[in-house]
Amino acid sequence: MRMAGKWMFIFTLTLGMMLPSWLMGTKVEAAEDGGLSDLIIFENVPQADVTMEGDEFTLSALNVYEDGHFTKVEEGLVWKSKNSNVATVEDDGTVTFTGKPGRTWVTVSNGDFKDRIALDFKPDHSKKGKPEFKPTIKKQDGDRYDLVQHALSNMTMEEKVGQMLMPDFRKWEGENVTEMLPEIEEMVQEYHLGGVILFRENVVTTEQTAKLVSDYQAASEKYGLLMTIDQEGGIVTRLQSGTDMPGNMALGATRSEEIAEDVGSVIGAELSSLGINMNFAPVMDVNNNPDNPVIGVRSFGEDPELVGKMGVAYTKGLQQHGVAATAKHFPGHGDTATDSHLGLPEVPYDLERLKEVELYPFQQAMDAGIDAIMTAHITFPKIDDTKVISQKDGSEIALPATLSKKVLTGLMREEMNYEGVVVTDALNMKAIADHFGPVDAVIRAINAGTDIALMPVGLEEVASGVYEAVESGEIPMATIEDSVERILTLKLNRGIIKEETPQPIDEKITEAEEVVGSEAHKAVEKEAAERSITLVKNDGVLPADASGDKQIVVIGNSFIGDLEKAVSAHHSNTTLIKTGERELTAEQKQTVAEADKVIFGTYTYNVYTRSATHPQMQLMQDVMANTNAEVIGVGIRNPYDVMAYPGVDAYIAQYGFRDASFEATAATIFGANNPTGQLPVTIPGADGGTLFEYGTGLSY
């Protein structure tokens, strides 16, 4: 992007974000220095991203050791630029282009080893018209930069297997794990773990989370840990101190790729500041089944093209901050009516249909450079009709995608040309755990094409079982090495490298506290929520008048206090009736009868809770039948709630239960927010027809 002046350019090297201050490790002991075999500039490594968009960036240096591991090093280095007319370099490796054309060689030395890299400032002839000058990096060639193969040739079998195991330490002896325990540190090292997944129980405050993550990285032996989390936004939000972004279906309702990218960027910035370097998001399932009990509002919507566009934009936002993104749940969990946490769902379609719908967003994500794909514990009998015997009851069942070579290798790798990391969904989910033994499940997953086994059941048993399977040839060593190559490539690509002198923890905490939950991030949350609110139906009753003393009654059960609080901020004469899904008392019925407007918030999460026979919905129907007041329905979570009360005077879909969404709904009710959201799903009618079309969205 050109600024004032012919040679003024603004650009940023994404590596500056990929090697952030939180990068990990413990100070390498002096005794290890004897194993030092090389010093290289990280940007010369083939996997290092050297995309640039500005006039200043920082080069990094790595110590390479004889045993194959490598660490980021900052102390004891001398940086020099051969041609300072083109670019200068400071003592910390920060390079600044002067705007003058030409090439310079930047070198780094520690007294024993030396490396160099070429930096050019030359015309860009890739575009038509008069070429602009732009800075570029010219990587050096040579085996010394092939860190992945150097590591693979020196790692033990146990170290390689460890890279493929990603347990959770949600609890220890019944207590939430919020700080590093000696027993966990020992397990990280004993099993040479490649990563750990964190849950809401682990990430309570910004200070505590930053310290826990830092301690995990200090415990890692050589290659650093993939510190992962499910920070999707919306109903799946793990950080207790983070910004509560609206979920995917809310983003789908905005129809704005820019907002999706902004939300991804906020989530990426907050995770990065805490040291969490991989997000198990975005969900790229196409939610074309209203009865889906596990995806629902976690999906961007029912249209494959919308899901693909929004998911790619969200991913771009995450990756801007060096956080690896994961598209899930391949080949698609959207058209199921069974929760794979509880059972084994089936998707019955053939390959052509899957390519048009379920697989389409995943292909878009792959083509856009997604870091990882998470598999689904779902059967796809038209892709793999293999039958296996369930350990649960001895019955014959279809092989889930997570364990299917035809799905993970044949379809994903060979047909869709995906080369990145594959990670299973949690292996403790009943769809897997009910039917397969803990060791058997992991062995099957690895042989199918999985790189990372997420949350295996019983780390010690699983690790020992995989060791034996490798030694016996049941799992070929080549399969293990292919996976470890992909994992180490991901770590290098996202700058997940152990540091010899990590940033002091107090500095990390200070920086994280400036980022997590910042006012700028809250502003993105507010805009996303307001743009998502969808006015599905309005029989002339909205917007309501916020002035005056007209009585408004807010009724409901789940999260209804949050809705009432938001409404009261606009209209003081507001009364809350929390139902508990019971019949109203005589006094409550009188309050409703005297109301000028009734706002009824419904909350559903499966087919039964949204059915017309559910107590919540029967109460809604009773209120509508026995009051002269105008009734406004709010679908707090699922937009499908209106199916149970289609005769309501007005209906708003808000797609989630975070504060920003309630505030946006209240602002919409009183006209402070002009709704622009559009339904990202079709709402069917009770007779099998369509109640509200995909894309429905009213404004004032």
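What follows is a short exchange on a sheet and on a threonine in a predicted model.

Me: Which strands stand at the edges of the open sheet of six strands?
Reply: The sheet has mixed pairing and the order 23-28-27-26-24-25.

Me: What does the twist average from one strand to the next?
Reply: The strands run in the order 23-28-27-26-24-25. From one strand to the next, the twist averages 20°.

Me: Which residue is the bridge partner of Gly 633 in strand 28?
Reply: Strand 27 covers residues 630-635 and strand 28 covers residues 650-653. They pair in the parallel sense, over four bridges. In strand 28, the partner of Gly 633 is Tyr 651.

Me: Is Thr 402 buried or exposed?
Reply: Thr 402 lies in the loop between strand 20 (396-398) and helix 11 (405-415). Buried means under 20% relative accessible area. Thr 402 has 0% relative accessibility, so it counts as buried.

Me: Which side chain does a polar contact of 2.8 Å join to that of Thr 402?
Reply: Leaving aside neighbours within four places in sequence, Thr 402 is in contact with residues including Thr 375, His 377, Leu 408 and Ile 432. A polar contact of 2.9 Å joins its side chain to that of Thr 375. The polar contact of 2.8 Å is with the side chain of His 377.

How values were computed
Residues are numbered from 1 along each chain as its sequence is written. This is a predicted model: local features need pLDDT of at least 70, side-chain atom pairs count only at pLDDT 80 or more; totals for chains, interfaces and linings use all residues. Side-chain values use heavy atoms; hydrogens and water are left out. Two strands pair if DSSP finds at least two bridges between them. Helices (H or I, at least four residues) and strands (E, at least two) are DSSP runs, numbered from the N terminus. Axes are lines fitted to C-alpha atoms, for helices over the stretch in contact, and angles run from 0 to 180 degrees between N-to-C directions. Buried means under 20% relative accessible area, exposed over 50%, partly exposed in between (1.4 Å probe, protein chains only). A polar contact is a pair of N or O atoms within 3.5 Å; within protein, one must be able to donate a hydrogen and the other to accept it, and residues adjacent in sequence count only if both atoms are side-chain atoms. Contact means heavy atoms within 4.5 Å.
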